[in-house]
Amino acid sequence: MLTHAIFDSLSPDLLAQAKQQCQVMTLATEQRVFGAGDQCPGLPVVLSGSIKVQMIGASGNGIVLYRMAENDMCTLSIGCLISGTGYRAEAIVEQEAQAILVPRGLFNRMMEASSEFRYRVLTSYGKRLDELMMLVEEVAFRRMDQRLEEWLTHHHHLGTMVITHQELAVELGTAREVVSRLLKELERQGKVKLGRGKIECIEIKLS
């Protein structure tokens with residue numbers, strides 16, 4: 001069932017093609033949706049659940065670029081479809097998800113024939129690009145200890161967080177060793193309590 005908002009403005013003919021050609025996918029937690037180097041078969045649009053898009057370097061260090069939730073579409077896929085290039089990152093399901101895959105040929109026809117579809121796709125692309133520019137600014141120009149404390153501040157309402165130092169390093173775009181060193185300093189200051197794969201926030205405030 002095509003319940004995503006991008007289908008609302010399609011002409012009857014394009015909507016009929018979408019109903020016939022689009023594939024509804026059920027994606028399990030930790031399933032890989034696409035990987036670096038894969039060719040893009042179409043545009044995934046998310047109906048429910050959560051999918052993270054991350055880039056992993058040759059060293060094993062990585063960074064989460066963005067997440068997709070209900071009503072989101074995959075920005076990286078839009079870029080790949082427009083440019084004809086393959087993926088440079090991977091997408092992993094965090095929470096069981098449902099998504100619709102708009103195949104490449106149909107995506108191209110929709111972009112050409114529907115100004116409203118084109119507007120929604122490019123608006124989504126522009127907003128995500130702005131978020132990615134902010135991410136670059138964070139990684140390049142802000143101190144890692146400040147970014148770590150800010151991340152913990154925004155997530156400490158969860159109580160004891162089940163997350164490894166490696167997973168947290170990917171969230172922040174740094175090395176596991178850096179995160180471990182900074183967390184140990186926060187523990188020494190009495191701000192957090194560390195356990196195996198767990199972080200308990202005791203007193204965290206933004207610097």
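Guide: The chain carries 23 positive and 25 negative side chains, where Lys and Arg count as positive, Asp and Glu as negative, and His and the chain ends are not counted. The centres of the two sets lie 3 Å apart, with each charge placed at NZ of Lys, CZ of Arg, CG of Asp or CD of Glu.

Visitor: What kind of model is this?

Guide: It's a predicted model, where local features need pLDDT of at least 70, side-chain atom pairs count only at pLDDT 80 or more, and totals for chains, interfaces and linings use all residues. Residues are numbered from 1 along each chain as its sequence is written, and side-chain values use heavy atoms, leaving out hydrogens and water.

Visitor: Why is Phe141 called exposed?

Guide: Exposed means over 50% relative accessible area, buried under 20%, and partly exposed in between (1.4 Å probe, protein chains only). Phe141 comes in at 71%, so it counts as exposed. This residue lies in helix H4 (residues 115-141).

Visitor: What makes residues 144-155 helix H5, and what span is expected?

Guide: A helix is a DSSP run of H or I with at least four residues, and a strand a run of E with at least two, numbered from the N terminus. H5 has twelve residues.

Visitor: Which residues of H5 are buried?

Guide: Met144, Arg147, Leu148, Glu149, Trp151, Leu152 and Thr153. The buried residues of H5 pack against elements including H4, helix H6 (165-172) and strand E7 (192-195), a contact being heavy atoms within 4.5 Å.

Notes. The expected span of a helix is 1.5 Å times one less than its number of residues.
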